[in-house]
Amino acid sequence: MIYTVTLNPSIDFLVRLPEFKVGEVNRMTSDDKFPGGKGINVSRILARLDSHSTALGFLGGFTGAFIKEKLEAEDIQTDFVKIASDTRINVKIKSNIESEINGAGPKISAAERDAFFAKLDVLTAADIVVLAGSAPASLGQDFYLDVINKIKAQGAEFVIDIEGDVLVKSLANRPLVVKPNNHELGAIYGVEFDSVEELIPYGHKLLADGAQYAMISMAGDGALLFADGKTYFAKAIKGTVKNSVGAGDSMIAGFVGEFVKSHDAVKAFRQGVACGTATAFSDDLAEAAFIKEISDQVVIEEC
Ligand SMILES: Nc1ncnc2c1ncn2[C@@H]1O[C@H](COP(=O)(O)OP(=O)(O)OP(=O)(O)O)[C@@H](O)[C@H]1O
Ligand SMILES: O=P(O)(O)OC[C@@]1(O)O[C@H](CO)[C@@H](O)[C@@H]1O
C-alpha cells in the first residue's frame, strides 16, 4: 500500500489576471480552489492512474473540511488527524508572471502530533510512504526525521520530497527515490548550475549519500534519472503551460505508482515525466487520458 503524508496541506487558491500590479487593487478574471499540498497532489495523481493510496497528515477547520470532501469525491482514502486550527490557504497568481504565497501552516498541538505518530503503527514492510512538502512552522522541518525513524522501525520504505538540509539528512535512511529540482539541488550543495552536465555529479552524489534512485526535475528543460550508476535524460516536451503547480508532485506519483508495479526505474521515470508534463499543461492536476497521450511522446536516452 502507498501512503502519502502531507503535514501542511493547503487549499490552493488559483487566481488568474492579465497583469499583477503591486500596490494596486487587482481584479481576477477567473479563479479556482483545489485541494493542495504535495502529498495530497501525489494521492490525487495516483488515483487517476488507478493506484490506491491513503492520504495522511493534519487537517483542520473549514479549509480542512473542504480538502477532505474533495479528496473523498475523488475516491481517495484519507486518515488525517483532525486539528483545532484551520488548514492554510496558498495563493497561486497566474498572470504575466507566476507568483505563489504559501502559508506557514497551523499550530499543531502535542496531542495532535502524537495522534499522527499513532497512525503510523499500521505500516509494514509492504508499504511505501511518500513524505512531501513543508512541515507547519509549529512542528519544524526536523519533525520529518522522527517520522522517518518511525517508518523505518515499522520496516516500510519511504520517498521524500522536501527542501533543505533535512532532505540531505534523510538520505542515510535510504529513501526509495528523491526528486529535487535543479534549483533545490543547487541550494542543497551551495552551487549554481549553468548546464545539465554540471548537475550530473550531484545527482550521483544523492545516490552515494544513500538514495536508491534520484530524479532531478528541470521544468521546461526536462529531467534526469540516476539509477544503478547510470544517468538518463528525458528531454522536455513542448506544449502550453497552463499551471505548473504540482508538476513535481505528479512526477513523484508517476514514478512511485509505476515502480510499485514493475520495479523498473526507467519505466517509472518515463511515467513520472509524463505525469509532470501533463500536469504543467493542465489547469488542475493532469487527467489519466492526457498522461497516456504525453507518455507516448517521452523520449529517454542514457547519457
Ligand atoms: N514548462 C514545462 N514544459 C515541459 N515540461 C515541464 C514543464 N514544467 C514541468 N515539466 C515536466 O514536469 C517535471 C517536473 O516539473 P518541475 O521541475 O517544475 O518540478 P517542481 O519544481 O518540483 O514543481 P512544483 O514544485 O511546482 O510541483 C519536469 O522535469 C518536466 O518533465
Ligand atoms: O509550502 P510547501 O508545502 O512547500 O508547498 C505547498 C504547495 O505549494 O506545493 C504544492 C505544489 O507542489 C501545492 O499544492 C501547495 O500549495
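**Exercise 1.** How many residues surround ligand 2, and which are the closest?

*Solution.* The model is predicted: local features need pLDDT of at least 70, side-chain atom pairs count only at pLDDT 80 or more, and totals for chains, interfaces and linings use all residues. Residues are numbered from 1 along each chain as its sequence is written, while chains are lettered from A and ligands numbered from 1 in the order in which they are written.

Step 1. A residue is near a molecule if its C-beta atom, placed from the backbone, lies within 6 Å of it. By this rule, ligand 2 is surrounded by 15 residues, the closest being Gly36, Asn90, Asn102, Gly133 and Ser134.

Step 2. Two or more residues of this shell come from each of β2, α1 (38-48) and α8. Such helices (H or I, at least four residues) and strands (E, at least two) are DSSP runs, numbered from the N terminus.

Step 3. The shell around ligand 2 holds 1 nonpolar, 11 polar and 3 charged residues. Here Ala, Val, Leu, Ile, Met, Phe, Trp, Tyr, Cys and Pro count as nonpolar, Asp, Glu, Lys and Arg as charged, and the others, Gly among them, as polar.

**Exercise 2.** Describe how α1 and α8 cross.

*Solution.* Step 1. The two axes come within 8 Å and cross at roughly 50°. Axes are lines fitted to C-alpha atoms, for helices over the stretch in contact, and angles run from 0 to 180 degrees between N-to-C directions.

Step 2. α1 and α8 are therefore oblique to each other. Angles under 35 degrees count as roughly parallel, over 145 as roughly antiparallel, 65 to 115 as roughly perpendicular and the rest as oblique.

Step 3. The crossing of α1 and α8 is right-handed; a crossing is left-handed if the near helix is turned anticlockwise from the far one by less than a right angle, and right-handed if clockwise.

Step 4. Lys38, Asn41, Val42, Ile45 and Leu46 of α1 meet Asp249, Ser250, Ile252, Ala253, Gly254 and Gly257 of α8, where contact requires C-beta atoms, placed from the backbone, within 7 Å. This contact has 5 nonpolar, 4 polar and 2 charged residues.

**Exercise 3.** Which helices each supply at least two residues of the shell around ligand 1, and how are they oriented?

*Solution.* Step 1. Ligand 1 has 21 residues around it, with Ser217, Ala223, Ala247, Gly248 and Gly276 the closest. The helices in question are α8 (247-262) and α9 (265-280).

Step 2. The shell around ligand 1 comprises 11 nonpolar, 9 polar and 1 charged residues.

Step 3. The axes of α8 and α9 come within 7 Å and cross at roughly 150°; α8 and α9 are therefore roughly antiparallel to each other. Their crossing is right-handed.

**Exercise 4.** State the strand order of the open sheet of 4 strands, and identify its edges.

*Solution.* Step 1. The order is β3-β2-β7-β8, with mixed pairing; strands pair if DSSP finds at least two bridges between them.

Step 2. β3 (30-36) and β8 (98-101) are the edge strands, each with a single partner, so one side of each has no neighbour in the sheet. Neighbouring strands are turned by 20° against each other on average, direction ignored.

Step 3. β2 (residues 10-16) runs antiparallel to β3, joined by 7 bridges; Phe13 has Lys33 as its bridge partner in β3.

Step 4. With β7 (residues 88-94), β2 pairs in the parallel sense over 7 bridges, and Ile11 has Ile89 as its partner in β7.

Terms used: Two residues are in contact if their C-beta atoms, placed from the backbone, lie within 7 Å.
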